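Here's a quick tour of one protein model, with an eye on its charged pairs. Have a look at the sequence and the fold, then read on.

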Amino acid sequence: MEGLAEEVNNLQITDASYNKNNKNRIQVSNTKKPVFFYVNLAKRYMQQNNEVELSALGMAIATVVTIAEILKNNGLAVEKRIKTSTINMREDAGGRPIQKAKIEILLGKSEKFDEIMAADAADAAAAAEEGIEYEQS
């Protein structure tokens, strides 16, 4: 888990073509990364942009809701908007069209976001000095 948090903290988006329209959107998949990868990535996006949009299709919707609830319950985020819709997709190139559910949740920094993040960083530094593994909230 610590490796994933470190991977997210060291993440730098340098490709200008990456998600041109919405630089603070995270498209969540329930099969590619663990939930806390997305939680830590969302924290990072909120530090940089003051808000983050979580987006998912189909079965990944539950994962997006979980991520949003973790951030809200830890006092890091406030809900700004939730949008649900359906989109038409094709499973195969020649297959019949199917509808998939889609969700977009826009979260903003809470009033205590910076304070909580600073406290987490201080706790992590203190734990590192003592050689203790620290798991961030």
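Which residue's side chain meets that of Arg81 in a salt bridge? The partner is Glu53, with N and O at 3.4 Å. A salt bridge here is a side-chain nitrogen of Lys or Arg within 4 Å of a carboxyl oxygen of Asp or Glu.

Before going further, some ground rules. This is a predicted model, where local features need pLDDT of at least 70 and side-chain atom pairs count only at pLDDT 80 or more, while totals for chains, interfaces and linings use all residues. Residues are numbered from 1 along each chain as its sequence is written, and side-chain values use heavy atoms, with hydrogens and water left out.

**The overall layout**

You're looking at four helices and four strands, arranged along the sequence as α-β-α-β-α-β-β-α. These elements are DSSP runs numbered from the N terminus (H or I with at least four residues for helices, E with at least two for strands). Of the 137 residues, 34% are buried; that label means under 20% relative accessible area, with exposed over 50% and partly exposed in between (1.4 Å probe, protein chains only). Among contacts with a separation of 6 or more, 69% come from residues 24 or more positions apart, a contact being heavy atoms within 4.5 Å. The accessible surface comes to about 8700 Å², and carbon and sulfur atoms hold 47% of that. Those areas come from the Shrake-Rupley method with a 1.4 Å probe, and for residues only the protein chains shown count as cover.

**Salt bridges**

There are eight salt bridges in the structure. Here are some of them:

| Pair | Closest N to O distance |
|---|---|
| Glu53 and Arg25 | 2.7 Å |

Take Glu53 and Arg25, which form a salt bridge. Glu53 sits in strand β2 (residues 51–57) and Arg25 in strand β1 (residues 25–27), so this pair ties together parts 28 residues apart in sequence. Both of these residues are buried, with Glu53 at 5% relative accessibility.

Lys80 belongs to strand β3 (residues 77–90) and Glu51 to β2, so the link joins parts that are 29 residues apart in sequence. Glu51 is partly exposed, at 23% relative accessible area.

With Arg81 in β3 and Glu53 in β2, the pair ties together parts 28 residues apart in sequence. Arg81 counts as partly exposed at 36% relative accessibility. Zooming out, a network of salt bridges links Arg25, Glu53, Arg81, Lys102 and Glu104.

Helix α3 (residues 61–73) has 13 residues and reaches 18 Å from first C-alpha to last, close to the 18 Å expected at 1.5 Å a residue. That expected span is 1.5 Å times one less than the number of residues. Its buried residues include Ile61, Val64, Ile67 and Leu71. The buried residues of α3 pack against α2 (35–49), β2, β3 and β4 (97–109).

Just after α3, Gly75 has a positive phi of about 75°. Asn50 also takes a positive phi, near 70°, despite being a residue other than glycine. Most residues other than glycine have a negative phi. Asn50 is found in the loop between α2 and β2 and is partly exposed, with a relative accessible area of 45%.
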